[in-house]
Amino acid sequence: MSHFTYTNGKLHAEQTALDRIAAEFGTPTYIYSSASLTENFLAYATACQQHGRGNKGALVCYSVKSNSNLAVLSLLSKLGSGFDIVSGGELERVIAAGGDTKKVIFSGVGKSRDEMRLALSHEILCFNVESIPELHRLNDVAASMGKRARVSLRVNPDVDPKTHPYISTGLKENKFGIAFEDALETYRVAAGLPHLEVTGIDCHIGSQLLDDAPLLEALDKVIELADQLHAAGIELHHLDIGGGIGITYDQEQPVAVGDYLGRLFKRIDQWRAANYNNKPITVLFEPGRSIVGNAGVLITEVQYLKHGGNKNFAVVDAAMNDLMRPAMYEAWHGVQPINQRSESPKIYDVVGPVCESGDWLARDRTLAVESGDLLAIMSAGAYGMTMASNYNTRGRAAEVLVDGDQFRLIRKREKSSDLFALENI
Ligand code: LLP
């Protein structure tokens, strides 16, 4: 259910009116709902439990890149979440938030030696390795520390996720993963390296998937590989199916997490019974968007209304540097007034102050607005603040976490002096 709803014509997050937050912390500001984050995480955790995968049988490793605010990580960590990271910086965030590093998996094609060292010193659960040179580098770094690194190979199942080309990752032409036909040989290399311990298979085929059929097709390929590895004497402790479940931005109807997990566990259990002597195998997930996407909005104030030749513009104080998704993917985000007006609406493009034609947040929206009004850009919890930049020397937005009728600042708005604090003349 949505935790962003109208009460008496005023948009609320849970029981908190969004204009109260704007009055206290200004705009633009990202606002997240604790109830929504909790509910979305529990959709995974509960489905795992319902299918007999309590404590050790499954682990949800929230994908930190989708929203890495410490308060969000802390909330999820308290609910039992593990974390999927792609940099040393994200690992440091998990640690600062009090997350359990033994529940961390490290993905990404370009891990540096320093990042490997940091992760090994914190005994992370697993490295998702994406190439043979990376296997050798990890083996060397682990050897220099007198450790063994747990590894899983990210295989590329060559399945079309039927999503935006910029966010599909499991096709042959993508830079990600190890080609399926090279996987067995690469596992043999990994198994022969003394400072590596092969523990799993990993795949992630793309993001904002509405249907679980491509994910289940990828699972079939992963299972096929697990059989080949079993025959080659390489035993696994886990299968990592990645993230990717989509959310509703507009009219999309994504598969329900519980339904997808039900189908997935059923297939895994059938396979374990038929081919794997019913041996236990842990299932890992790396969801990001489906946990935070609809748990956040970006609020902004209308600065000017501009009536151009054949378009009306609402110029707002949020911009592409705050929310990059429209400019980068032509992504659609809902726009809702924080205080509803009864005047007759007009059609507007909602644009920011940045000097780029690509700086728009929404196009052709029917809105009744005046300058000074507050708008909420909806479904902005995932890949919003984490992709924000300081382009045009704009400080990044503040972030606020709502819990019922309470709210607190979880990141201060950046000041200009913060932006050039590291510079010298
Ligand atoms: N695991 C891996 C290895 C990933 O690369 C990703 C996302 C995830 C998990 C989490 O996927 P999710 O559950 O959030 O779909 N900036 C884009 C999305 C990029 C996704 C990158 N990888 C956007 O704003 O739509």
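A residue counts as buried under 20% relative accessible area, as exposed over 50%, and as partly exposed in between. By that scale Arg341, at 33% relative accessibility, is partly exposed. The model discussed here is predicted.

**Salt bridges overall**

The structure holds 19 salt bridges.

| Pair | N to O separation |
|---|---|
| Arg117 and Asp114 | 2.8 Å |
| Arg341 and Glu343 | 3.2 Å |
| Arg341 and Asp373 | 2.6 Å |

**Arg341 and its partners**

Arg341 forms a salt bridge with Glu343. Glu343 is partly exposed, at 40% relative accessible area. Arg341 also forms a salt bridge with Asp373. What does the pair of Arg341 and Asp373 tie together? Arg341 sits in the loop between β16 (335-337) and β17 (346-351), while Asp373 sits in the loop between β18 (360-367) and β19 (374-377), so the bridge joins parts that are 32 residues apart in sequence. Is Asp373 buried or exposed? Asp373 is buried, because its relative accessible area of 13% falls under the 20% cut-off.

**A pair within helix α5**

Arg117 and Asp114 meet through their side chains in a salt bridge. Both belong to helix α5 (residues 113-121). They are three residues apart there, so about one helical turn separates them. Asp114 is exposed, at 56% relative accessibility. Arg117 is partly exposed, at 34%.

Technical notes: Residues are numbered from 1 along each chain as its sequence is written. This is a predicted model: local features need pLDDT of at least 70, side-chain atom pairs count only at pLDDT 80 or more; totals for chains, interfaces and linings use all residues. Side-chain values use heavy atoms; hydrogens and water are left out. A salt bridge is a side-chain nitrogen of Lys or Arg within 4 Å of a carboxyl oxygen of Asp or Glu. Helices (H or I, at least four residues) and strands (E, at least two) are DSSP runs, numbered from the N terminus. Buried means under 20% relative accessible area, exposed over 50%, partly exposed in between (1.4 Å probe, protein chains only).
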